[in-house]
Amino acid sequence: MITALQMVTTCQKCVSLNAAIFAAVCLASRLDDLNNALGTIIIAVLTYGIIPPVRKKMLGSKLMPFWTMFLLTGSVYISYVSVPIVIVPLIISAVACLVIVPAFFVHLQKQKDNIFGPWDEAVLKDLGCDAANRDISAE
């Protein structure tokens, strides 16, 4: 039996996937070459439609590091074959996103300081009444 939560979750996944594909189609419609438009839509389908479920199934698997290295090596090879000049920026951005930025984020956590002010969310104080246990239908 399908619960309401499962239906809402399924609906949210469909809406998210549709929004991602719609954004890719809108972007592809602005491109002047059909090959570029097709490539943009194929990458969007892979990125938002195929890879997340496969990755979710492989999450606890011992093959996950090999899968990651395969995808990284494949993207470097495809970039080298199609446009060799993008190899250096691709490697630099991959190292930055996967190593440097997370390390910098962890390092900066020691220096984090919370400041409080009027922009913080309000904290409700107890008014002394037992509103949680009161039956409003009896009134």
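Helices here are DSSP runs of H or I with at least four residues, strands are runs of E with at least two, and both are numbered from the N terminus. The model is a predicted one, in which local features need pLDDT of at least 70 and side-chain atom pairs count only at pLDDT 80 or more, while totals for chains, interfaces and linings use all residues. Residues are numbered from 1 along each chain as its sequence is written, and side-chain values use heavy atoms, with hydrogens and water left out.

Next, select threonine 40, which is found in helix α2, residues 34-57. A polar atom of the threonine 40 side chain lies 2.8 Å from the backbone oxygen of asparagine 36. Leaving aside residues up to four places away in sequence, threonine 40 touches Ala24, Leu27, Ala28 and Leu31 (contact means heavy atoms within 4.5 Å).

Then move to helix α3, residues 64-82, and helix α4, residues 87-108, which pack at an angle of about 155 degrees with their axes 9 Å apart (axes are lines fitted to C-alpha atoms over the stretch in contact, and angles run from 0 to 180 degrees between N-to-C directions). That angle makes α3 roughly antiparallel to α4, a term for angles over 145 degrees. To display the contact, select Leu72, Ser75, Val76, Ser79 and Tyr80 of α3 together with Ile87, Leu90 and Ala94 of α4.

Conventions: Angles under 35 degrees count as roughly parallel, over 145 as roughly antiparallel, 65 to 115 as roughly perpendicular and the rest as oblique. A polar contact is a pair of N or O atoms within 3.5 Å; within protein, one must be able to donate a hydrogen and the other to accept it, and residues adjacent in sequence count only if both atoms are side-chain atoms.
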